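The following note sets out numbered points for a colleague who wishes to examine this structure. Please read them with the sequence and the model at hand.

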Amino acid sequence: MELLALTAPAANRVYAAGAGVLTSAELEILSGVPVEPVHIAGVEYLAFDADSTPELRAALARHSAFLALFARHDGLLDPLEVPAHGLFDDDLVTIPKYSGKTNEQFTRLLLNVTLAAVESPTGRRWTVLDPMCGRGTTLAHALIGGHDAAGVEIDTKSVEAMAAFWRTWLRRKRLKHTADVSPVRREGKSIGKRFDVEVRPSKDAAASHLTVFTGDTRQSAKLYGKRRFEAIVTDAPYGVIHGSQGRGRKQRTAADLLTESVPVWGSQLAPGGSLGISWNTLGMPREDLVAALTDAGLHVHDDGPWRRLAHRVDSSIHRDVVVGTRPAD
Ligand SMILES: C[S@@+](CC[C@H](N)C(=O)[O-])C[C@H]1O[C@@H](n2cnc3c(N)ncnc32)[C@H](O)[C@@H]1O
């Protein structure tokens, strides 16, 4: 049947003229069917041919810009119900406002397309790692989506601000939880802090977990030891607001940091797990990042809708998304 998805007008504010292309590429990746933006009476919809199965409606519910679904019969739009998305209220991602925050809607797109490429068994709970997590936009989206979340962030103040916000939010929502910041020691020396949360979305539901370490992302495998992740999702520093830190110097672009970090992150993926990165292509060409993922043993998704995720953010940031999957053993 011919289906039309109406997207939230906010998508236009995030991607300006590129919203239709980006949100249709995301939907194509989530649904597995071709999607194209169309205009009906001056309003943009995403059009595709599919049966309205529960899987399709669940994919639409997750989509970063989804507003409403219609079937078109004889030129008339018939509204179809789509289930609500999320274990937790989405004000967990919308309330925090700070310089350097990754746009909430774009973060959801990045998480969605990375999760869509995961080939791990779906029976058990997945954990999403953001190895440069800032104040945790990806982590909050992962928990809302029903996954556990883990992070690494070099800026201790960001982790402290995240912890303060989460504690207030968890208390205000009256959710049964623990939320603790504690020192991390290795061989008797203090090497940073960790923030751990365990929270139940409702009284009898299974607990969701969050862990964040302060530290350099290049040490992520040391911080998390043998733990493996079904998805690793990160929005890299753009070399504008966040200079990439480490080794006692500030770097102009994230290229060196990404080149050094991709092999580390690749080693932290579970078999069938996926790594999704958004970055500023003005600091590192796509081919170089694709080569880094390939060298790390990942299969890069580099055709069809995967090549339609690049977009302009402003005059100094042209953002793209690359996703690679570790072959299942
Ligand atoms: C674009 S921001 C990500 C923002 C995050 N998605 C959010 O919404 O809060 C990039 C983050 O990478 C962090 N970062 C830069 N270099 C790092 C490093 N070597 N190790 C860990 N984190 C790093 C920065 O401090 C910054 O928080």
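1. Ile277 has Val322 as its bridge partner in S15. The model is a predicted one, and this pairing belongs to the antiparallel arrangement of S12 with strand S15 (residues 317–325), which extends over seven bridges.

2. Strand S12 also pairs with strand S11 (residues 229–235), here in the parallel sense and over six bridges. Strand S12 (residues 269–280) is largely enclosed by the rest of the structure, because eleven of its twelve residues are buried.

3. Val322, located in strand S15, has a relative accessible area of 0% and is therefore buried, the cut-off being under 20%. Setting aside residues up to four places away in sequence, Val322 touches Leu275, Gly276, Ile277 and Trp279, as well as Arg286, Leu289, Val290, Leu293 and Val300. Val159 lies 163 residues from Val322 along the chain, and the C-alpha atoms of the two are separated by 26 Å.

4. Which residues come nearest to the ligand? Of the 23 residues around the ligand, these are Tyr98, Thr102, Thr137, Glu153 and Thr217. By class, the shell comprises eight nonpolar, ten polar and five charged residues.

5. An N or O atom in the side chain of Thr137 is 2.5 Å from an oxygen atom of the ligand, and a polar side-chain atom of Glu153 lies 2.6 Å from a ligand oxygen atom. At Ile154, a polar backbone atom is 3.3 Å from a nitrogen atom of the ligand. The protein buries 98% of the 600 Å² that the ligand exposes when taken alone.

6. Where does Thr217 lie? Thr217 is in the loop between strand S10 (208–214) and helix H8 (220–224). Its relative accessibility is 4%, so Thr217 counts as buried. The side chain of Thr217 reaches the backbone oxygen of Pro131 at 2.8 Å. Apart from neighbours within four places in sequence, Thr217 is in contact with Pro131, Met132, Val152, Leu257, Ser261, Val264 and Trp265. Thr217 is also among the residues that come nearest to the ligand.

Methods:
Residues numbered from 1 in each chain as written. Predicted model: local features only at pLDDT ≥ 70, side-chain atom pairs only at ≥ 80, totals over all residues. Heavy atoms only, no water. Near = heavy atom within 4 Å. Polar contact = N/O pair within 3.5 Å; in protein donor to acceptor, adjacent residues only side chain to side chain. Areas by Shrake-Rupley, 256 points an atom, 1.4 Å probe, with all protein chains shown as cover. Nonpolar A, V, L, I, M, F, W, Y, C, P; charged D, E, K, R; others polar. Buried < 20%, exposed > 50% of the residue type's maximum accessible area, 1.4 Å probe, protein only. Helix = DSSP H or I, 4+ residues; strand = E, 2+ residues; numbered from the N terminus. Pairing = 2+ DSSP bridges. Contact = heavy atoms within 4.5 Å.
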